[in-house]
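Please find below a colleague's note on the structure shown here. The points are numbered and may be read in order.

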Amino acid sequence: MSEQRKTLTTRQGHPVRDNQSMRTVGERGPATLENYQFIEKITHFDRERIPERVVHARGTGAHGYFEAYGTIGGEPASKYSRARVLNETGVQTPVFVRFSTVIGGKESPETARDPRGFAIKFKTSEGNWDLVGNNLKVFFIRDAIKFPDMIHAFKPDPVTNQQEPWRFYDFICSHPEALNMVTFVKSPWGIPATYREMEGSGVNTYKLVNDQGVAHLVKFHFEPKQGVRNLTAKQASEIQAHDTSHATRDLYAAIERGEYPEWEFCVQVMADGEHPELDFDPLDDTKRWPEDRFPLLPVGRLVLNRNPDNVFAETEQSAFGTGVLVDGIDFSDDKMLQGRTLSYSDTQRYRVGPNYLQLPINAPQSKAVARTNQRDGQMTFYVDNGESEKHINYEPSILGGLQEAPQPEKDYHQPVQGHLGRYQTSKTAADYQQAGERYRTFEDWERDELVSNVGGDLKQCPEPIQLRMVWHLWHCDQDYGRRVADVAGIDLEKAKALPPLPGKPAPNQDRQGPTYTS
Ligand code: HEM
């Protein structure tokens with residue numbers, strides 16, 4: 001670094017000759033208003049914080065790459081998708097990944113029992129693709145309009161400022177679709193040992209679209225080559241007693257040591273359509289697609305090999321959104337996906353600012369430079385490239401300026417027909433069935449932890465919530481309900497005698513579905 005570069009300056013580029021003392025009249029003051037260097041320094045400091053994410057505030061990020069195998073299930077990936085990122089064998093697409101917990105604030109302990117966010121920004125040669133997912137492959141709710149209520153119930157009570165089990169279970173009681181996710185979160189899977197040792201998933205259903213304009217429904221998954229490892233409640237509290245950043249520390253140190261974490265990126269695909277033969281709706285994000293019928297097909301590998309230079313500039317200001325797709329990967333009618341797609345960029349225009357996409361961490365890579373006619377707004381620091389665009393910031397123009405890209409030969413057109421209204425899925429059997437299967441698939445120690453965690457929580461809840469939760473769990477699996485009732489001291493017979501939830505069909509426990517490999 002040259003001597004000149006080392007000189008401390010103000011933001012205006014003026015050399016700072018004294019950074020130790022503000023200007024005062026004499027040794028004992030007072031200070032004066034034209035103390036510009038001091039004012040610049042302090043007022044910038046006063047603005048160092050931006051709002052933390054409304055959810056997923058606590059996180060850590062790393063750079064890396066994705067490398068496609070060029071195939072899906074032994075066939076060329078192009079059979080399913082024309083997206084280059086999935087087809088270009090051996091090309092390394094730069095990625096930025098941010099892992100997170102959901103409910104706690106920015107400095108909260110990373111041992112929290114919570115789903116873990118797994119958000120990936122692929123900087124592909126065709127522009128950015130964001131996959132904003134979690135580690136558990138499912139979610140609590142299937143209609144986006146419920147998200148603010150759910151988060152309010154899970155966040156601290158507005159009066160006591162404490163997370164209260166009764167608020168969590170009160171919400172869950174009215175949402176049997178959440179039982180699958182609750183069974184995951186309250187088991188050791190709710191506390192992954194590290195970010196390196198957990199799965200990832202896009203959770204929502206997307207579409208892959210090929211050159212012929214044919215679409216398939218798809219789910220995206222990441223399987224850690226480090227294996228999966230989860231913690232008991234006791235192990236987590238022991239870590240938390242001396243370290244509230246163990247997952248950040250682990251990821252950072254592994255990358256610094258050159259032990260680059262790696263995930264196999266897989267898809268599950270099914271023909272586009274309604275699938276009346278399935279007892280769940282493939283657009284319902286509270287359900288897994290059984291892996292014996294829809295196997296995980298590897299499409300490439302994801303490697304993290306570089307820590308950020310600056311946490312604020314990169315991790316904190318990174319902005320992922322479910323609307324950020326490339327050609328060949330499309331939206332499905334998954335109602336959660338559609339609701340999320342509005343929410344992310346909306347919150348980021350507020351959280352980071354209207355020009356958040358100009359920041360290097362969020363801007364597309366050099367082969368896909370952004371060329372728009374968008375102008376101005378807070379913190380604009382450049383005009384999109386191109387000589388002619390300096391003057392012609394509109395389209396069309398017969399003199400020059402930006403032009404539309406050519407249309408693909410065969411595009412995907414989705415037929416849509418129906419009556420506008422508010423609907424709930426009629427396929428509710430799997431709400432209980434998948435949660436029961438999950439319970440039965442766990443190893444003994446995982447089931448013991450789950451029962452002890454849910455039972456311990458329910459002890460702190462009022463009776464109507466206790467009874468309804470045991471009723472739900474009993475319908476998932478009788479053993480599940482019975483054991484939780486035992487631990488919490490709840491009257492099982494009284495719980496079983498409850499009528500079905502108003503407006504919801506009675507659960508059907510007869511079916512024995514498939515089990516899952518993980
Ligand atoms: C972050 C909304 C469902 C995963 C966020 C943020 C919002 C949000 C507003 C903060 C974004 C930011 O400040 O940059 C919603 C809404 C949902 C929903 C409205 C449902 C309708 C989900 C689901 C998943 C998920 C189903 C998992 C599959 C994430 C992740 C982040 C996040 C991983 C953190 C991204 C990062 O690291 O910056 N969500 N979310 N969300 N959400 Fe969601």
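**Notes on the annotated site and the ligand shell**

1. Leaving aside residues up to four places away in sequence, histidine 56 touches Ser100, Val102 and Gly117; contact here requires C-beta atoms, placed from the backbone, within 7 Å. The model is a predicted one, in which local features need pLDDT of at least 70, side-chain atom pairs count only at pLDDT 80 or more, and totals for chains, interfaces and linings use all residues. Residues are numbered from 1 along each chain as its sequence is written.

2. Histidine 56 is placed in the loop between α2 (36–46) and β1 (59–68); helices (H or I, at least four residues) and strands (E, at least two) are DSSP runs, numbered from the N terminus. Histidine 56 counts as buried because 22 C-beta neighbours lie inside 10 Å, the threshold being 20 or more other C-beta atoms within 10 Å of its own, with C-beta atoms placed from the backbone.

3. The unreviewed UniProt entry lists His56 and Asn134 under "active site"; such annotations may be inferred rather than shown by experiment. They are spread over 79 residues of sequence, yet cluster in space, with a largest C-alpha distance of 10.7 Å.

4. Asparagine 134 belongs to strand β6. It is buried, since 25 other C-beta atoms lie within 10 Å. Its contacts, not counting residues up to four places away in sequence, include Gly117, Phe118 and Val203.

5. The ligand is surrounded by 28 residues, and the closest are His56, Arg98, Gly117, Ala144 and Val203; a residue qualifies if its C-beta atom, placed from the backbone, lies within 6 Å. α10 contributes the most to this shell, with 8 residues.

Methods:
A residue is buried if 20 or more other C-beta atoms lie within 10 Å of its own, exposed if 12 or fewer, and partly exposed in between; C-beta atoms are placed from the backbone. Two residues are in contact if their C-beta atoms, placed from the backbone, lie within 7 Å.
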